[in-house]
Amino acid sequence: MGQQKTAPENGTRESERRRTILRAAIDVFARKGYHGCRIADVAKEAGVAYGLVYHYFKNKDELLETVFETGWSGFIARARAVAESEGPLVEKVRRIADVAFDAYRVDPRAVKVLILEIARSPAGARINRQTAFVDVIRLSAQMFTRAKESGELRPDVDPLLASALLFGSIEMGLTAFVVGLADARDTAMLERAKAQIADSFLHGVLLSSASSKSEPAKHELPQGEEPQDAAPPKREKAAPKSRTPKRG
């Protein structure tokens with residue numbers, strides 16, 4: 001007689017199947033969009049029976065919701081670790097940009113689903129996006145509040161708005177790659193985009209003394225474009241010549 005599988009073995013197998021289906025759902029959502037995705041597509045992508053998908057998820061709405069919860073919770077955990085760590089604001093902002101762009105580099109399809117199918121599409125209406133986005137903005141706002149108290153942030157900068165602007169800039173930068181405006185396969189461009197977003201943001205919110213300590217990355221000029229020299233000094237106008245009065 002065959003040996004019965006223990007509970008831990010069954011649990012592991014269940015978890016693996018669920019992860020496989022979830023991964024397949026991400027790929028199908030990224031390729032076909034929410035409205036074009038069918039449960040049959042997810043089952044085929046995962047290599048499982050059609051009915052097995054319903055064993056773990058009651059419909060594609062729940063699939064999309066689980067994709068969001070899994071991906072977003074991971075990002076929040078990494079962003080929180082950066083925001084609550086020790087160090088100057090300059091370093092933290094760059095590291096938060098690193099977290100977001102590294103997530104895209106590792107799993108571009110998952111980030112595409114988060115941005116296009118959840119953050120901006122009516123398809124994600126069932127998901128409590130407002131609470132999720134408010135949480136990350138408030139988390140970052142606390143980081144900016146501490147920076148303001150330590151004299152790193154300009155006194156006229158509102159920490160909550162600064163946080164919203166930071167994540168808005170990151171989201172729009174990633175969107176350029178997600179929709180194909182920028183080549184996602186160009187790793188050098190990903191690095192330049194990440195650095196440019198952090199540099200542009202930091203120069204707007206830091207005190208001049210803190211900004212001077214920041215060392216922005218040097219960006220390459222477009223091919224064929226020459227660096228512009230400093231404008232030549234203006235020439236002083238020559239004194240007008242005195243006219244000799246005519247003799248009568």
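A: Let's begin with contacts, meaning heavy atoms within 4.5 Å. Among contacts in the chain between residues at least 6 apart in sequence, 66% join residues at least 24 apart. This is a predicted model, where local features need pLDDT of at least 70, side-chain atom pairs count only at pLDDT 80 or more, and totals for chains, interfaces and linings use all residues. Residues are numbered from 1 along each chain as its sequence is written, and side-chain values use heavy atoms, with hydrogens and water left out.

The chain has 10 helices and 0 strands; helices (H or I, at least four residues) and strands (E, at least two) are DSSP runs, numbered from the N terminus.

I197 has a relative accessible area of 14%, so it counts as buried (under 20% relative accessible area, with exposed over 50% and partly exposed in between, using a 1.4 Å probe and protein chains only). Apart from neighbours within four places in sequence, I197 touches F101, S169, I170 and G173. I197 and R94 are 103 residues apart in sequence, yet their C-alpha atoms are 8.8 Å apart in space.

Next, look at helix α8 (residues 159–178). Its buried residues include I170 and G173. With 20 residues at 1.5 Å a residue, α8 should span 28 Å, and its end C-alpha atoms are 28 Å apart, which agrees; the expected span is 1.5 Å times one less than the number of residues. Just after α8, G180 takes a positive phi of about 90°.
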